[in-house]
Amino acid sequence: MNDPTRSPSRAQPLQVSQPAHMPLVLIVEDEEPIRRFLHATLEANHFRVKEAGTAREGTLLAVTTYPDVVLLDLGLPDGDGLNVTRAIRKESRTPIVVLSARGQESDKVAALDAGADDYLTKPFGVGELLARLRVALRHANGAGSRTRGGEDSPYECTLDGRTLRVDLSARLVHVTDKDSCQSPGTRREVRLTPMEFKLLAFMVKHAGKVLTHQMILKEVWGPQHTSDVQYLRVYTGELRKKLEADPAQPRFMITEPGVGYRLAENRVMQS
Ligand code: CA
């Protein structure tokens, strides 16, 4: 009778209640004005917030308060965010979004390689901050924005009228272009070489997440190839020619300058 999932006809009382679960964000940042700004912004957007100003405190709170996501500054007075990332990763899979200043490119990459999930370069906008947190939370909840089905449900993303669909279990890749508002679009199968498929499959499994050059090379080509960045340039170039409407303006396989690549987030909501 009180089942909140099935009472649209008498929905009145639901509107005043808080969201069922307000995610907890742990902010690890030593600069107080930034911390205060983040705290206020997140609370206004229905997050709960905990704060730490040092690496030591951040590590402690990350493993004792069970945050849903950690926002981690890289430059901390008593150590760097890299060590915090490693320490958290020993204990938990909590998503970590790294905050870095411009010029901390190598630190940012090292943090991602150490297990951070994403990054924001200061200064960043509120919209970007919230979007990154939403993606991180979706990843933590299991399967991107996919519905049930998990691992086996296909990747699908529509951007600017083009849909990219990747079915890993069937090893099928399709693109559909909408010619006009009226027509349903023409769907065609894309043929990939085994290596192109392997690269795309790895990105599909981590869609929406930043993958560093090193992560991709290690996973797709093997540990002995982690510095062969030219492989990536060649293969992403080939994939873009096959998948993107305009390979010079990629929408699906996005370059993260100086860091790596990100495949646009899976947007299948129903399937
Ligand atoms: Ca700092």
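Reply: Helices (H or I, at least four residues) and strands (E, at least two) are DSSP runs, numbered from the N terminus. This is a predicted model, where local features need pLDDT of at least 70, side-chain atom pairs count only at pLDDT 80 or more, and totals for chains, interfaces and linings use all residues. Residues are numbered from 1 along each chain as its sequence is written.

Me: OK, which residue in E7 does Leu-99 stand opposite?

Reply: Leu-120. E6 (residues 96–101) and E7 run parallel, joined by five bridges.

Me: And what's the strand order in that open sheet of five?

Reply: E2-E1-E3-E6-E7, with parallel pairing. Strand E2 (48–52) and strand E7 (118–122) are the edges, each pairing on one side only.

Me: Which strands does helix H5 touch?

Reply: H5 (residues 126–140) packs on the sheet against E1, E3, E6 and E7. Contact here means C-beta atoms, placed from the backbone, within 7 Å. The direction of H5 makes about 170° with that of E7; axes are lines fitted to C-alpha atoms, for helices over the stretch in contact, and angles run from 0 to 180 degrees between N-to-C directions.

Me: Switching to the inside: how many residues has the largest nonpolar core?

Reply: 56, and Val-97 and Val-98 are among those with the most contacts inside it. Such a core is a set of buried Ala, Val, Leu, Ile, Met, Phe, Trp, Tyr and Cys residues joined through C-beta atoms within 7 Å. Val-97 touches Leu-71, Leu-120 and Ala-136, among others, leaving out residues up to four places away in sequence.

Me: Where's the cis peptide bond?

Reply: Between Lys-122 and Pro-123, with omega about -5°. Pro-123 lies in the loop between E7 and H5. Most peptide bonds are trans, and most residues other than glycine have a negative phi.

Me: Is Tyr-66 buried or exposed?

Reply: Exposed, because Tyr-66 has 11 C-beta neighbours inside 10 Å. The cut-offs: buried is 20 or more other C-beta atoms within 10 Å of its own, exposed is 12 or fewer, and partly exposed is in between, with C-beta atoms placed from the backbone.

Definitions and conventions
Pairing = 2+ DSSP bridges. Contact = placed C-beta atoms within 7 Å.
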